[in-house]
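Student: Hi! I have a structure open here and would like to talk it through. Can you help me read it?

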Amino acid sequence: MPSMVVIATTAVPTHLRGALSRWTSEVVPGIFVGSVSARVRDELWHTVTQVVGDGAAILVHPAATEQGYAIRTAGTRRRTPVDFDGLTLIRMTAAPQVKKMQTPS
């Protein structure tokens, strides 16, 4: 039975966006929404994880959890889902620090 999925992408290859748009609608740049079967969802996500490269992606889909959905991520993100007593919460990691160049005195 088809269910709604949302895939959000950041800095992914153009051909991945094309592959996702075959099964979903790109409602705004990088946000794909569709109603697909669990098998198609898993195949799409497998493709995303293989091709994401330096970009990042997140999948949200219905699941039998307290919240009613599950979250999967691929690539490097500052926000990571963490299970906290059965609830999925989002942990923010610190922004990478840029080293300042010291000028000779």
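Student: Okay, to start: what percentage of the residues of the protein count as buried?

Tutor: Of the 105 residues, 26% count as buried. Buried means under 20% relative accessible area, exposed means over 50%, and partly exposed is in between, using a 1.4 Å probe and protein chains only. Keep in mind that this is a predicted model, where local features need pLDDT of at least 70 and side-chain atom pairs count only at pLDDT 80 or more, while totals for chains, interfaces and linings use all residues. Residues are numbered from 1 along each chain as its sequence is written, and side-chain values use heavy atoms, with hydrogens and water left out.

Student: Got it. How many helices and strands are there?

Tutor: The protein has two helices and seven strands. Along the sequence they follow the pattern β-α-β-β-α-β-β-β-β. Helices (H or I, at least four residues) and strands (E, at least two) are DSSP runs, numbered from the N terminus.

Student: And what radius of gyration does the protein have?

Tutor: The protein has 17 Å, whereas a compact globule of 105 residues would be near 13 Å. That radius is taken over C-alpha atoms, and the globule rule is 2.2 Å times the number of residues to the power 0.38. The C-alpha trace spans about 70 × 40 × 25 Å along its principal axes.

Student: Switching to charges: how many salt bridges does the structure hold?

Tutor: Three. A salt bridge here is a side-chain nitrogen of Lys or Arg within 4 Å of a carboxyl oxygen of Asp or Glu. In general, side chains of opposite charge can pair when their charged atoms come close.

Student: Which residue does Glu-26 pair with?

Tutor: Glu-26 pairs with Arg-17, and their closest N and O atoms are 2.5 Å apart. Glu-26 is partly exposed at 31%, and Arg-17 is also partly exposed, at 31%.

Student: Which residues are linked in a network of salt bridges?

Tutor: Arg-41, Asp-42 and Arg-72 are linked that way. Between Arg-41 and Asp-42 the closest N and O atoms are 3.3 Å apart, and between Asp-42 and Arg-72 they are 3.0 Å apart. Asp-42 is in helix H2 (residues 38-51) and Arg-72 is in strand E5 (residues 69-75), so this pair ties together parts that are 30 residues apart in sequence.

Student: Is Arg-41 buried or exposed?

Tutor: Arg-41 is buried, with a relative accessible area of 12%. Asp-42 is partly exposed at 33%, and Arg-72 is partly exposed at 25%.

Student: New topic! Where does Thr-24 lie?

Tutor: Thr-24 is in the loop between helix H1 (14-21) and strand E2 (25-28). Thr-24 is buried, with a relative accessible area of 7%.

Student: What does the side chain of Thr-24 reach?

Tutor: The side chain reaches the backbone oxygen of Leu-20 at 2.7 Å. Not counting residues up to four places away in sequence, Thr-24 also touches Phe-32, Val-33 and Gly-34. Contact means heavy atoms within 4.5 Å.

Student: What about Arg-91, which residues is it in contact with?

Tutor: Leaving aside neighbours within four places in sequence, Arg-91 is in contact with Arg-78, Arg-79, Thr-80 and Val-82. Arg-91 sits in strand E7 and is partly exposed, at 48%.

Student: Now some backbone angles. What is phi of Ala-11 near?

Tutor: Phi of Ala-11 is near 55°, a positive value in a residue other than glycine. Most residues other than glycine have a negative phi. Ala-11 is in the loop between strand E1 (3-10) and H1, and counts as exposed at 65%.

Student: And where does Asp-85 lie?

Tutor: Asp-85 is in the loop between strand E6 (79-84) and E7. Phi of Asp-85 is near 50°, again a positive value in a residue other than glycine. Asp-85 is exposed, with a relative accessible area of 75%.

Note on methods
A polar contact is a pair of N or O atoms within 3.5 Å; within protein, one must be able to donate a hydrogen and the other to accept it, and residues adjacent in sequence count only if both atoms are side-chain atoms.
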